[in-house]
Amino acid sequence: MEDSQPLTRSEERRQNGHYRWSTHTPGSKVVEDFRRRLKYFFMNPCEKYRARGRKPWKLMLQILKIAIITIQLVSFGLSNEMMVTFKDENLMTFRHLFLKGYKDHRQGNYALYTKADVYDHIHYIINTYINLQNMTVGNLAYERTDGEFTPLSVCQEFYKNCSIDPENETFDIDPHVDKDCISIYPEQSFNNSSLATHLNFSLDFKRLLSVNIYLTLKTINLQTVRHHELPDCYDFHIMIMFDNRAHSGKIKVDVENDVTIYECRDWNVTGTSGKNDYLLLWFDSVVILACFTSLILCTRSVINGIQLQFEFTVFFHVYYKKIVTWSDRMEFVNGWYILIIVSDTLTIAGSALKIGIQTKFLTNYDVCSILLGTATMLVWVGVIRYLGFFKKYNILILTLRAAFPNVIRFCCCAAMIYLGYCFCGWIVLGPYHDKFRTLDRVTECLFSLINGDDMYATFLKMRDKGYMVWLFSRLYLYSFISLFIYMVLSLFIALITDTYETIKHHQQDKVPVSELQAFIAECRDQPESGRYQTDEKPASCCLSPCCCFG
């Protein structure tokens, strides 16, 4: 640049909101070369292929990734579905086995109200555990540790000291919590009377907080054999909870289940080997390799864009004595590459966890599902970028990109009003309506109302309350629905519509909308002109998907 002729800026002017550039030395080689370099940087892969003949490796890699990541997710989803189904059905089995008189429709409402019922249910659980293998139709077995059965543990938590006399309205309580446990082995047998005498087991309901029963059962998931997968061995760590923390006369009972999955010690499936497992591990390794390569290529492209941004800033300052705006500088940072980098990172982490699950070193399906699911979602969202190579589809991408900052600002303002209604509904209507009982329920209820769901039921539930509460609920619900459906949503739609019309107008007029675009538009060289060629040898197009795009 030092050997070039100095340029002078004759005029920068706006016409109807658009930029125009002219220089006293339009033939300056330095400016034309840099303008051509910028235009090449902002070309899509197919245009770059026609300009320099380089194979679009990143484009082909991204297309390959869409296929292999989707196949990986489907494979993992089917295995995860079998695992989740097996866990859920076993949890339902444990509820029916250990909760006396349990019915499916009573799920979440199973509770006891008398002392005799509590003792009877605890005794029922213990006897069911002792006689489990004679009762259940499943392949359940007791756990052994060092050759001995793992016992069932009955633990009660209670206040250290408590004296309560509601009649005289007096109480004396030590809030420190004590815990007392007893262990019962499968060989033991009891009846209703021996439970309290032989085990010295009794409950002081006035200071009782909870009774938790812990037991461990083992089983094998055989349904995977039908899908040519080796069965896994499961340890179910079951906890049956009698919750009396509210001291309201109602002891809620529920069953929770924690699962450990591992490879069975010895297995033999006729006509089957571990070949399928090795193929899955090999396929996951290919996915990791492809994503790692994509991560490196996209990171390099982002770095190159940032470097070119600094060069453009310096160039504008030297030749035009002008500071580049922040919006122009951000155009050098390709958001699609950031999206791909995030997706690749999540896919690599999720695939590593999947390999750990397949080799039974890890059992955290939830984290793996979140990583792979989010990564696949981002990969498919990235497909929109390739549709942008076609002008008729590109308007959607341009509208989303242009409207995004305004949408975020609008949502931040609307969120303040939304949160105000959430807090108000929670504190005022919470005692009278199930949908407003907790803060997270309020947010879900109000969001459903915005979308027109369950409106009448929400109004109807408040009909039989006191007059003041009824009147407030009407004012609250009518104002919220009117404000958000008729005003906020309408403004939100209008914001996007206005952006769409603006982008459509600019595309029809084919005029630049920023200083950077105006500067690049001065370059009239087409990709096929040959002026973008370097000393590198052009590549053949036999393997390039851009031949089809062209």
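## Aromatic rings in a predicted model

This predicted model holds 22 aromatic pairs, where two rings of Phe, Tyr or Trp (its six-membered ring) pair if their centres lie within 6.5 Å. Planes under 30 degrees apart count as stacked, over 60 as edge-to-face and the rest as tilted. Here are two of the pairs.

| Pair | Centre distance | Plane angle | Type |
|---|---|---|---|
| Tyr119 and Phe205 | 6.1 Å | 85 degrees | edge-to-face |
| Phe410 and Phe492 | 6.0 Å | 45 degrees | tilted |

Helices (H or I, at least four residues) and strands (E, at least two) are DSSP runs, numbered from the N terminus.

Is Phe205 buried or exposed? Phe205 is buried, with a relative accessible area of 15%, whereas Tyr119 is partly exposed at 26%. Buried means under 20% relative accessible area, exposed over 50%, and partly exposed in between (1.4 Å probe, protein chains only).

In the other pair, Phe410 sits in helix H12 (residues 391–429) and Phe492 in helix H15 (residues 467–509), so parts 82 residues apart in sequence are tied together. Phe492 is partly exposed, at 25% relative accessibility.

Rings can also gather in a group: Tyr418, Tyr421, Phe436, Phe472, Tyr476, Phe480 and Phe484 form one aromatic cluster.

Residues are numbered from 1 along each chain as its sequence is written. Local features need pLDDT of at least 70, side-chain atom pairs count only at pLDDT 80 or more, totals for chains, interfaces and linings use all residues, and side-chain values use heavy atoms, leaving out hydrogens and water.
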